[in-house]
Amino acid sequence: DKGSAAAIPINEVDIAYVTPVTIGTPPQTLMLDLDTGSSDLWVFSSLTPSTQVRGQEIYTPTKSSTSKLLSGHTWSIRYGDGSGSRGSVYTDNFTIGGLEVRSQAVQTALEVSSSFTQEQSLDGLVGLGFSTLNTVRPSSQLTFFDNARPNLDEEVFTADLKYHATGSYDFGFIDSKKYTGNITYTAVQQSPGYWTHSLSGYSVGSGAFQASQISGISDTGTTLLYLPTAIVTAYYRQVQGAQNSQYYGGYVFPCSSTLPTFTFGIEGARFTIPASYINYTRISPTSTTCYGGLQSSSGLGINIFGDVALKAAFVVFSGTNPPRIGFATK
Ligand SMILES: CC(C)(C)S(=O)(=O)N[C@@H](Cc1ccccc1)C(=O)N[C@@H](Cc1c[nH]c[nH+]1)C(=O)N[C@@H](CC1CCCCC1)C(O)(O)C(F)(F)C(=O)NCCN1CCOCC1
């Protein structure tokens, strides 16, 4: 079995990517954020108070002949940016890009935080972290990938996220047309449930490569790249007028600045993030001050290789035993 689906940026600065999925019989289509940084599959639903729904598509279990309530089960999740949701659980048929999982746990929101209500192009999340992170109680549930794995041609899924363009997620196969050269794999340490691995080092612009093991998580659900302060200050030292603003909560710089590229290492391979990816966004539509796509991880307690980094590569999440992650240029 295999599947392939689009990864569509939800706004003009790629704050997140959504993928069409179908749930139930007859199929209900929702646009969900495939997120390797969490392991709950939750959706806006007919059970979500209407005051908390603003333009999102909803899943209505009672309209599906294959839905079943998972009675007595609840869930509640809090994300790194403070947003959260909670609710009840159904099982139903669930497909992504033609790949179907029967009786996938679909977590229906009974409450969502305001930032989810405000994000009308995001109907929920598909967690693709390790199932140990799933918050359903009393019995935790498996992710779509863990449920699909036994039927996949290959125990992998791949992310081909693009800058200001639609990319793709593939399940069960590695599409050799989507990358160039070889895929470089590195070990994943799956505790506490993230795709945790190390970079072998970094370089700023045309500077010398600094070899150093930098541990972090490859997280499709995080917009930016968060690295240790020492690396981030070394980067912005090359940017005229850059400063670490308490007011804006990170590094900002004049939008007219020339930014250097940023290169990260995976084992012996090197991946260069174009300067345009790091010139993330104006802080307001009419401002001449811009917010960086590379920020310090010091407040997070973990380094996050988010979309700004991932969209510079073709990434293979391999569920083999032991798990590993692969990067290729594209
Ligand atoms: C644009 C920005 C200022 C950088 S942003 O921070 O607003 N971008 C958000 C994503 C977003 C997209 C669309 C609308 C609104 C928000 C972002 O990058 N948030 C990150 C992390 C972060 C930290 N600091 C600043 N940001 C996040 O929470 N990502 C989680 C998924 C998000 C949640 C909000 C909606 C979009 C998807 C995440 O799952 O990737 C995570 F890994 F960061 C996370 O929080 N995982 C939850 C892990 N728990 C551990 C315990 O067991 C349960 C699961």
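**The ligand and its surroundings**

Guide: The ligand is surrounded by 24 residues, and the closest are D35, G37, G80, D219 and T223. Please keep in mind that this is a predicted model. For G80, a backbone N or O atom lies 2.6 Å from an oxygen atom of the ligand. D219 uses its side chain: a polar atom there lies 2.6 Å from an oxygen atom of the ligand. T223 also brings a polar side-chain atom, placed 2.9 Å from a nitrogen atom of the ligand. As for cover, the ligand taken alone exposes 960 Å², and the protein buries 79% of that.

Strand 2 spans residues 17-23 and is mostly covered, with five of its seven residues buried. Strand 1, residues 3-9, pairs with strand 2 in the antiparallel sense over two bridges; here P9 stands opposite Y17 of strand 2. Strand 3, residues 28-35, also pairs with strand 2 in the antiparallel sense, this time over five bridges. In that pairing, T19 stands opposite L32 of strand 3. Strands 2 and 3 form a hairpin with four residues between them, and G24 in the turn has a positive phi of about 85°. Strand 6, residues 84-96, is a further antiparallel partner of strand 2, over three bridges, and its F94 is the bridge partner of I23.

F94 leads us on to the packing. The largest nonpolar core has 74 residues, and F94 is listed with F171, L227, F262 and I273 as those with the most contacts inside it. Helix 3, residues 229-236, gives the most to this core, with four residues. Apart from it lies another core, of 16 residues, among them A16, V18, A105 and F116. In soluble globular proteins, nonpolar side chains tend to be buried together.

To finish, let's zoom in on F171. Leaving aside residues up to four places away in sequence, F171 touches residues including D1, K2 and G3. Its contacts also include L34, I96, L99 and L128, and among the others are F144, F145, L152, V156 and F157.

Key:
Residues are numbered from 1 along each chain as its sequence is written. This is a predicted model: local features need pLDDT of at least 70, side-chain atom pairs count only at pLDDT 80 or more; totals for chains, interfaces and linings use all residues. Side-chain values use heavy atoms; hydrogens and water are left out. Buried means under 20% relative accessible area, exposed over 50%, partly exposed in between (1.4 Å probe, protein chains only). Two strands pair if DSSP finds at least two bridges between them. A nonpolar core is a set of buried Ala, Val, Leu, Ile, Met, Phe, Trp, Tyr and Cys residues joined through side-chain atoms within 4.5 Å. Contact means heavy atoms within 4.5 Å. A residue is near a molecule or strand if one of its heavy atoms lies within 4 Å of it. A polar contact is a pair of N or O atoms within 3.5 Å; within protein, one must be able to donate a hydrogen and the other to accept it, and residues adjacent in sequence count only if both atoms are side-chain atoms. Accessible areas come from the Shrake-Rupley method with a 1.4 Å probe; for residues, only the protein chains shown count as cover.
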